[in-house]
Amino acid sequence: LSVAVVSNLVAIGGVWLAYNVYVKGVIDHERAYEALKALHTTFKEQFFTERFYHNVIALGYLRSSRYLYMGMDREMIDGSIDALYKNFFSLVRFLWKYLDIKVIDILIHETVITTFRTGRVARLIQTGLLNHYVLMLMFGTVFILGVMLLILEKFKG
């Protein structure tokens, strides 16, 4: 049977039952109510799903949320952040004193001084005259050949 047929049969049965109870008086509705009071209460309270939801599911969710908030958020997360906050400035001060001042600043300062001194020496070498450049090329070639001859002498003897 289809849903429409069953629905129509249930509706017709309800109309027939109501006619027999209230018009013909075949069944006393007061006694029927007393006999089926538990069933009536179950339907009226929607199978007690509302009470079950509020007393079990929602209350359990509320209690577990409160526990997680107090235990996890307030104690663990906030406590960790507070501890990190207290130690954070000590760490930053330590890094500033030892890493920034003693390592980075000295490294940059020495790089600047070395670059400045190298530039002063290179200024003397870079004259812009071609004969000076050829002379430096010749000295460099003689130096490299001398080093190579010394190395060959050591391996020979």
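Me: Why does Val112 count as exposed in this predicted model?
Reply: Its relative accessibility is 52%. Exposed means over 50%. Therefore Val112 counts as exposed.

Me: Where does Val112 lie?
Reply: Val112 lies in helix H4, which covers residues 49-125. Val112 also belongs to a nonpolar patch on the surface. Other members include Leu91, Phe94, Tyr98 and Ile108. Together the patch residues have about 800 Å² of accessible area.

Me: What makes Phe94 partly exposed?
Reply: Its relative accessibility is 47%. Partly exposed runs between under 20% for buried and over 50% for exposed. So Phe94 counts as partly exposed.

Me: How do you know that Tyr98 is partly exposed?
Reply: Tyr98 has a relative accessible area of 42%. The cut-off for exposed is over 50%, and for buried under 20%. Tyr98 is therefore partly exposed.

Me: How many aromatic pairs does a search of the whole structure find?
Reply: The search finds four.

Me: Why is the pair of Phe94 and Tyr98 called tilted?
Reply: Their ring centres are 5.0 Å apart, and the planes stand at 45°. Pairing needs centres within 6.5 Å. Stacked needs planes under 30 degrees apart, edge-to-face over 60. So the pair is tilted. Both residues lie in helix H4, four residues apart, about one turn of the helix.

Me: What links Tyr85, Phe88 and Phe89?
Reply: Ring pairs join Tyr85, Phe88 and Phe89 into a cluster.

Me: Why is Phe47 called exposed?
Reply: Phe47 has a relative accessible area of 54%. The cut-off is over 50%. Phe47 is therefore exposed.

Conventions
Residues numbered from 1 in each chain as written. Predicted model: local features only at pLDDT ≥ 70, side-chain atom pairs only at ≥ 80, totals over all residues. Heavy atoms only, no water. Patch = residues over 30% accessible without salt bridge, like charges linked within 9 Å, V, L, I, M, F, W, Y side chains within 5 Å. Areas by Shrake-Rupley, 256 points an atom, 1.4 Å probe, with all protein chains shown as cover. Salt bridge = Lys/Arg side-chain N within 4 Å of Asp/Glu carboxyl O. Helix = DSSP H or I, 4+ residues; strand = E, 2+ residues; numbered from the N terminus. Buried < 20%, exposed > 50% of the residue type's maximum accessible area, 1.4 Å probe, protein only. Phe/Tyr/Trp six-rings, centres within 6.5 Å; stacked < 30°, edge-to-face > 60°.
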